[in-house]
Amino acid sequence: MSATAFEYPDEIRALREGLAAFIRAEVVPRHKANAELLEDEHRKFSPDGRYTPEVLRLLREVRQASARAGYYAMCVPESLGGMGMGYLAWYAAWEQITESCEGHMWIGEVAVSHWATGPSPVLEHLTEEARRTILPGMMAGDTTMCFGMSEPDAGSDAMMMKTRAVADGDGWRLSGSKIWTTNSPYADYCIVFAVTDPEAAAQRKSGISAFLVPTNSPGFQIQRVIRMWGHAGGNEAVLSFDNVRVEPWQLVGRLHRGFATAMLGVNLGRVYNSARAVALGRWAVRQALDYVKIRKTFGRPIADYQGVTFPLADAATQVHAAHLMSLNVCQLLDAGQPARKELSMTKLYAVQAGMQALDRAMQAHGAIGMTNEMHFAQNFLRMRMLNVADGTNEILRRTILKELLDGDLDL
Ligand SMILES: Cc1cc2nc3c(=O)[nH]c(=O)nc-3n(C[C@H](O)[C@H](O)[C@H](O)COP(=O)(O)OP(=O)(O)OC[C@H]3O[C@@H](n4cnc5c(N)ncnc54)[C@H](O)[C@@H]3O)c2cc1C
């Protein structure tokens, strides 16, 4: 019996089955063979906070295998050589990957190219020369990129960025810094956002441009890897640019219109976070429902105590609602609607539902729920972080309210 009246179209059902088989064939055996390395913080990371070469090799192997199997570039526009599948496919794929990775086989998370770290719609307006130079390696999963927007003094308010690209002959000179840039310690390229027209930027009109910068360019430096959410190392770093030369072929999209480039990826990011939240929340509720039937206290299974199970019923209700909201918003986006209000509502709600479900499942497990073996704690931290990444809860609420106050009262 299905909990939703909505069925994924055949094409997406086949995609999910294919991805599940891919994870079984390419991720599970690799994870099992390297579990000690991948689950031990001090073996996974080098002392400087970067993944060790062995971990990077495993991630590269999964990307390359997925590219060969045809999944990696599923949501990359056809004009770039991808499959051009839409938001619903993207949601369904991430829901499947998260479910198949069972809350801990994290190398599976590169099975589909992430919008900020691999080939994605963000690259749709690359120049011909950039396409020739970087696309083949990215599409094959050999190389990766990162997305440098946030700065120490410009997060939610990205227009406050200080990184500047000053005209220099036919190109530019880039100076400034970025922070929280995911995958930057390992990336081959960075999409750097910089002020190119300070007057327009000061008036919050435009004036920001996007540039594709090889991370080995003279003057481009990774200052330090940031250790995030309990890890001994990390995926995020602080970057600096000291007079980095940028050639005309490195401009991405239109000059001074860099935000349009960013928005091509941000919607995918919000759908992707919703999918992970729904799948992890569902996984957590299922784990807890199994456990409450076998764990006994005071001579009875704890499933008999509503104090334990009512919170699970609430969590299941929220996860179900988040799933339906996600299916709905993907269809709106695929129909070409901006769905700004609905997408903000969905990411806001789904992440909270996922976090609640993990918290309730941990509580139902008692002490064992707090152990690394159960993987609740790691996922709770990851989910907590999604309250900030790809639009904080407050910025999402701000967008929802703006749309409501502007007259979109369709609820
Ligand atoms: C794991 C992770 C990965 C990330 N990866 C990337 C990346 O790859 N590239 C990149 O460019 N950035 C990345 N970021 C940065 C992320 O985009 C920013 O953290 C986010 O935009 C918020 O900015 P901030 O951290 O500077 O918080 P601030 O903007 O300083 O906000 C601080 C607090 O104030 C609230 N707030 C701010 N303005 C308002 C307002 N007007 N109304 C109400 N509340 C408000 C915020 O919601 C927040 O709670 C990542 C962040 C995380 C956590």
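**Burial, domain contacts and strand pairing in the predicted model**

A350 is buried, with 30 other C-beta atoms within 10 Å; the cut-off for burial is 20 or more such atoms, and A350 is therefore assigned to the buried class. The model in which this residue was examined is a predicted one. A350 belongs to helix α10, which spans residues 340-365. Leaving aside residues up to four places away in sequence, the contacts of A350 are with S274, A277, V278, A322, M325 and S326. A279 lies 71 residues from A350 in sequence, and the C-alpha atoms of A350 and A279 are separated by 9.9 Å in space.

At the level of the whole chain, the protein contains twelve helices and ten strands. Its radius of gyration is 22 Å, in agreement with the value near 22 Å that a compact globule of 411 residues would have. Along the principal axes, the C-alpha atoms fill a box of roughly 80 × 55 × 40 Å. Of the 411 residues, 45% are buried. When contacts between residues at least 6 apart in sequence are considered, 72% of them join residues at least 24 apart.

The domain assignment divides the protein into domain 1 (10-124), domain 2 (145-252) and domain 3 (260-405). The centres of domain 1 and domain 3, taken over C-alpha atoms, are 21 Å apart. To the contact between these two domains, domain 1 contributes 18 residues and domain 3 contributes 21 residues. On the domain 1 side, the residues touching domain 3 comprise ten nonpolar, five polar and three charged residues.

The interior was examined next. In soluble globular proteins, nonpolar side chains tend to be buried together. In the present model, the largest nonpolar core consists of 114 residues, and the residues with the most contacts inside it are W90, A93, A111, L174, F211 and L358. The greatest contribution to this core comes from helix α8 (residues 258-294), which supplies 14 residues. For W90, the contacts beyond four places in sequence are C75, M85, L268, V271 and Y272.

Strand β3 (residues 171-182) and strand β7 (residues 236-246) run antiparallel and are joined by eight bridges. Within β7, S240 is the bridge partner of S177. Strand β6 (residues 220-226) is likewise antiparallel to β7, to which it is joined by six bridges. Here E236 of β7 is the bridge partner of I226.

Backbone geometry was considered last. Most residues other than glycine have a negative phi. E102, although not a glycine, has a positive phi of about 50°. This residue is located in the loop between α5 (87-100) and α6 (128-139). With 14 other C-beta atoms within 10 Å, E102 is partly exposed. A positive phi, of about 60°, is also found at R204, which is not a glycine. R204 is part of the loop between α7 (198-202) and β5 (208-214). R204 is exposed, having 10 other C-beta atoms within 10 Å; a residue counts as exposed if the number is 12 or fewer.

Conventions. Residues numbered from 1 in each chain as written. Predicted model: local features only at pLDDT ≥ 70, side-chain atom pairs only at ≥ 80, totals over all residues. Helix = DSSP H or I, 4+ residues; strand = E, 2+ residues; numbered from the N terminus. Contact = placed C-beta atoms within 7 Å. Domains from an automatic or database assignment. Nonpolar A, V, L, I, M, F, W, Y, C, P; charged D, E, K, R; others polar. Rg over C-alpha atoms; globule rule 2.2 N^0.38 Å. Core = buried A, V, L, I, M, F, W, Y, C linked by C-beta atoms within 7 Å. Pairing = 2+ DSSP bridges.
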